[in-house]
Each structure stands twice: as C-alpha cells, then as structure tokens.
Amino acid sequence: MKMKKRSALFLSAALFLAACGAEETKKETAEEPEKVADIKVASWSQPITEQTNLLVDEKKGFFKDNGLNVEVIPGAGGGDAIKNILSGQADIAFTDPGSLYFALDKGEKLKVLYNVYPQNVFNIVSLKEKNITKPEDLKGKTIGVYSLSSGTRQNLLVMLNQVGLSEKDVNIVETGLLNFAPLMQGQVDATAATDTGLVIGKQKGLGDVNVLEVKDYLNVPSDVFVVTEKTYEEKQDELKNFLKAYQASAQWMIADPEEAASLAVDYAIDGKNEEQNLDIIKLRNASAVSSLTEEKGLGALDTDILQQGADTYKELGLVKNQLNMEDAVEEEMVPTK
C-alpha cells in the first residue's frame, strides 16, 4: 500500500510540474509579439479627406489587425506614385490608369491588384448660360484644365474622342488647381475637374452649372493599386493582407461616412470642415462601387475597361505602344465576397 501511495504522490507531482510547465509555455507564447510587416503606400496626393479610410489606422486598426504597419508616402500626381514604387521607396502605388499606361508604355513591368475607384470621377463643368449640354457642344470652346499633364486634360481628351472630336477642335488652357475662378470670371467656357472639386467650387460661389461626366462616355477607373512585378512576386502574403485590410477600411467608410468625416478633421490636410468632409466622403464612397463590385466585392477589376482605356490612349497618341492589359492585371489578388 505504501508503495502505491508513494507512486501516486510521484505521479501527482509529475503531473503538477508538467501542468506548470505547460502554463509557462502558454504565457511565453502569449507574450511573444506578433510579427508585423511594413508596407509603404505611395499616394498620388497629400493625405486628403477622400482617403480617410487609409489614414486612420491608429484609431481603427484595419491594417494593424492584419499584421501590417502601413506608411502613406505623399505625392503630387499618379506619376509620382509610380516613380516611388519603381525606385523602391514604396511597395504599392495609389495611382490613376493614365499614369499606369504611361509607365507600361515605357516598358515598366507592373501589376494592377485592386480597383480603388471603378467609377470615373472626372467631369467638364460649364455655366448654364453657355448651354453646353453634350460633348459636341465643346467644339470651338475654351476649356480649362489643371495642367497639360494632369488627369483633367487626359480625361477631357477621352470624352472628346468618344464623340469624334479631338484636341484640335477645342482650345485647352492651363488654369491651375483654382480652376473654377476662371470659369466664374468668364475666362473659359468650361473647365475640366473632378466631382470633389465641383463640391468645393460650389461652396465658393459657383452658380448653376451643366456637368458632363466622363463616365457616361467611357468609364475608365479613377484609381487603382499597382505594384512592380518584383514586389508582386516577393510579397504575396503582405499584399493579400493589405488588400483585405483596405477592403475592410473602404467598407467601413461606406457604412459610416459620418465617423469618417469626423476623423478626417484630424487626419486629412483638407479636413477642417466636417460638413464638407462628409460631402466629399459620400462622393468617394459612390465612386468605389459598381455593378461588378456588387457581384464580386470591393476592388473587383475589369480588364476589358482598362484595355479600352489603354486603346483610347493609343488612339489619342498619349502612348506609343499597343498595351496588353491582360499581362498587367492580377484579378485573383482581390479579396472576394
């Protein structure tokens, strides 16, 4: 009996020590920090209200919860964003299709991973009194653009092309970012702008206007996420996690634009007016959805429309080479519904 009791005591002690060891191992495991990957996103702009979902991870944790530390690198146009990934200063470019086409035309090896804004947000605005109600009415008119290298000019040319007109049929002038002042002062008949630019113009006294939207003629996306082939091959897991997190952040901003407008006050350089923030965010939310995203989820890519855009740029002489967008688009990276 004594031997049995002694054996039982030894067994109990051994089990106790094993349990303690297992508990310590659990504690050590729990205390080990999770691995966090750094991702740098090269933006086409400064941190602005329409990108609030990308800027507020400190508060919302979309990227942190997916094991990512995201840094947004500001730029001055989509070309800047592309340059930053080509130079290795960033991993992902937040850029426009035009800048993508220009880079591909030069032989750069790039991959398109996500359709940030499937709706084209560019437009042509004119005062009602000018009676410009269709693109054909622009013939012979003076039209303002931000700059001759801007998306406003490129998208104006796309619209003209769709109705059989060209740059030779109009007079294009550079007006800078404050392009609605020349319109209000009668210095131009119309001005090429964006939906958010129009909101700000109206707040500054722009009266009744006619608006021609480029998407009604060729709905090439406004912005996409692009990476180099090297980054695509080397950072598959990080990129998938980034797209999953970005999609969640976009869904949040669509579901709760009021919270996003409030946070933009602290995180966006143009976000001081919360009411204006809300107007801008609602517009950008609308541009993030389409019939395709309803079917497949936010970010869904349409290779055919990107190809139509590339073909139009070739026809306009904006690019020299025939681009094959099937080689550049990687649809499988987009998180599905």
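Mentor: Two strands pair if DSSP finds at least two bridges between them; strands (E, at least two residues) and helices (H or I, at least four) are DSSP runs numbered from the N terminus. The model is predicted, so local features need pLDDT of at least 70 and side-chain atom pairs pLDDT 80 or more, while totals for chains, interfaces and linings use all residues. Numbering starts from 1 along each chain as its sequence is written, and side-chain values use heavy atoms, without hydrogens and water.

Start with strand S4 (110-117). S4 pairs with strand S10 (residues 223-228) in the antiparallel sense, over six bridges. Within that pair, asparagine 115 stands opposite valine 224 of S10.

The model has one cavity of 30 Å³ or more, where a cavity is a set of points on a 1 Å grid at which a 1.4 Å probe fits but cannot get out. The largest cavity holds about 80 Å³ of space, a volume filled by probe spheres set on the points, which are joined across faces, edges and corners.

Its lining (residues with an atom within 4 Å of a point) consists of Glu50, Asn53, Val116, Tyr117, Tyr246, Ala250, Met253, Ile254, Arg284, Asn285 and Ala288. H10 gives the most, with four residues. By class, seven lining residues are nonpolar, two polar and two charged; Ala, Val, Leu, Ile, Met, Phe, Trp, Tyr, Cys and Pro count as nonpolar, Asp, Glu, Lys and Arg as charged, and the others as polar.

For other pairing in the model, turn to an open sheet of five strands in the order S7-S6-S8-S5-S9, with mixed pairing. Its edge strands, S7 (171-174) and S9 (209-213), each pair on one side only. Strand S6 (residues 142-145) runs parallel to S7, joined by four bridges. There valine 145 stands opposite glutamate 174 of S7.

Terms used
1 Å grid on protein atoms, 1.4 Å probe; cavity = no way out; pocket = protein on both sides within 12 Å on 5 of 7 lines; lining within 4 Å.
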